[in-house]
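Subject: Structure handover and what was found in it

Dear colleague,

I am passing on to you the structure that follows, together with an account of what was found in it. Please look through it before reading on.

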Amino acid sequence: AALSRHTSIHPQRFMEVAMSESRTNTEEAARSKSDPWAIFDGSRVAAYADRPKTAGPFPLDSTNDDERPTDEEGLAGSSVSRGEVFEPRIVAGELLTAEDAEQARGATASRRSWKSMLAFLGVGRGPSKAELEAQRIEQEGWETTIRQQTWTRAVNIAVISAKGGDGSTPAALLAGGILADVRGGGVGIVEGTIPPGGLALRAEGTPRRGMSELVNATDMIHSAGNLAGYTAPQTSHAAVIGTVNYRPQLTPQNVQQVRQVLDTYYQVTVTDADHNLSAPTSLTAQRSADAAIIPCTLTALSLAKAVETVRHLERSAPHLFDRALEGLPVVLVIGHTGAPEEADLVETAHTVLDRELNGRVQVIDCPYDPIFTSRKEIALADALPGTRAAWTHAVAAIVKNINDFHAVTFEPKEN
């Protein structure tokens with residue numbers, strides 16, 4: 001009767017029938033302890049069909065293991081013909097033939113393929129508890145690195161890219177926000193684009209004054225309270241100085257004047273630099289930077305521009321590359337646009353970048369986050385956990401390698 005119930009059942013119905021019947025006999029099986037797998041699943045049944053001697057403790061109606069059919073005798077390749085007769089196996093009080101096991105294996109494979117597809121779409125089972133704990137410990141280590149770094153002077157981080165539209169402004173807000181959140185404030189995020197940029201638009205708040213007013217009032221700033229009137233306070237405890245009202249193009253002198261004021265009242269400043277790398281204003285920001293973050297996206301043009309940016313910095317800011325043996329304060333962060341991507345594209349990008357940059361610049365991958373493509377205000381709390389983790393890693397990688405022994409300079413160094 002059990003054989004007639006199971007041998008013709010549909011694979012998808014097999015698991016439901018088997019689970020229902022095995023639950024009926026659970027108490028009896030538990031009392032007799034004859035079957036450790038009182039309630040079984042398709043994966044174990046399938047494993048038994050493929051490896052009858054090693055799959056698990058399936059009780060037999062025969063007490064001699066050597067009498068069981070081997071792979072070569074009847075179960076090779078886990079392919080079962082309907083006309084063949086196999087010795088029944090008893091699982092949870094029911095008879096189970098090799099054909100039943102083959103049907104269960106097919107149902108299990110189907111479920112696994114669905115799980116794989118859902119995982120690819122970002123749906124389904126997430127990381128295990130052990131993986132989450134390891135990630136938490138790793139992120140705590142990065143935050144400790146950020147929090148405990150000290151320098152003998154104020155330092156500056158330039159967020160710079162030769163290509164516009166790669167998320168430099170969101171990157172500056174994220175990097176500065178993480179620094180301020182972890183260190184408890186003392187961080188200024190400043191606009192360094194030649195024409196008015198979008199830093200104030202993407203930051204939180206609607207300040208009345210910003211970069212244009214500060215440029216004209218640098219000689220009147222004598223306290224942190226004076227300076228606060230030109231900023232937009234963020235929930236991360238960072239202070240943003242962007243363009244609120246009309247301003248003319250920034251000059252190298254403007255960059256120098258503003259930086260000298262900010263360095264007096266902030267421990268760390270983050271500059272949203274201009275994309276025109278060869279412009280005098282952008283060069284002034286590059287020469288005075290103590291570290292650089294280069295954002296890009298997973299496209300051929302963006303990756304090529306990222307390599308171009310690194311090679312440009314090697315000429316314009318050589319002090320960033322003079323401690324190769326100790327680690328460079330330069331990091332490249334790859335973002336994702338949300339468009340379809342090949343599965344191995346990230347690995348390929350890392351390989352190409354390592355080859356083009358001789359492995360000198362650390363490359364960090366950041367998962368897709370809508371805050372990079374939206375036009376809304378960016379608050380650090382809105383970043384997805386993966387984004388927060390990737391940018392915390394990037395910030396920790398550069399701050400620990402900042403060299404504060406060289407003096408800040410806004411002019412090209414003489415050979």
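In which sense do E5 and strand E6 pair, and over how many bridges? E5 and strand E6 (residues 239–241) pair in the antiparallel sense, over two bridges, where strands are taken to pair if DSSP finds at least two bridges between them. Ala232 stands opposite Val240 in E6.

Before going further, please bear in mind that this is a predicted model, in which local features need pLDDT of at least 70 and side-chain atom pairs count only at pLDDT 80 or more, while totals for chains, interfaces and linings use all residues. Residues are numbered from 1 along each chain as its sequence is written, and side-chain values use heavy atoms, with hydrogens and water left out.

On confidence, the mean pLDDT (the predictor's confidence in each residue, from 0 to 100) is 79 for the protein, and 68% of its residues reach 70 or more. The pLDDT stays under 50 over residues 1–9, for which the model has 20 contacts beyond four places in sequence, a contact being heavy atoms within 4.5 Å. Over residues 31–95 the pLDDT is also below 50.

The protein has 16 helices and 10 strands; these are DSSP runs numbered from the N terminus, with helices (H or I) of at least four residues and strands (E) of at least two. Eight strands form an open sheet of mixed pairing, in the order E5-E6-E4-E7-E3-E8-E9-E10, and its edge strands, each pairing on one side only, are strand E5 (232–233) and strand E10 (362–365).

Within this sheet, E8 and E9 run parallel and are joined by six bridges, with Ile293 opposite Val331 in E9. E9 and E10 pair in the parallel sense over four bridges, and there Val331 stands opposite Gln362 in E10. Six of the six residues of E9 are buried, which means under 20% relative accessible area, whereas exposed means over 50% and partly exposed lies in between (1.4 Å probe, protein chains only). Val330, Leu332 and Ile334 point one way from E9, while Val331, Val333 and Gly335 point the other way.

In soluble globular proteins, nonpolar side chains tend to be buried together. Leaving aside neighbours within four places in sequence, Trp391 is in contact with several residues, including Leu174, Ile293, Val333 and Phe372.

Most residues other than glycine have a negative phi. His237, which is not a glycine, has a positive phi of about 80°; His237 lies in the loop between E5 and E6 and is exposed, with a relative accessible area of 53%. Asn358, likewise not a glycine, has a positive phi of about 55°; Asn358 is found in the loop between helix H15 (345–356) and E10 and is exposed, with a relative accessible area of 63%.

With kind regards
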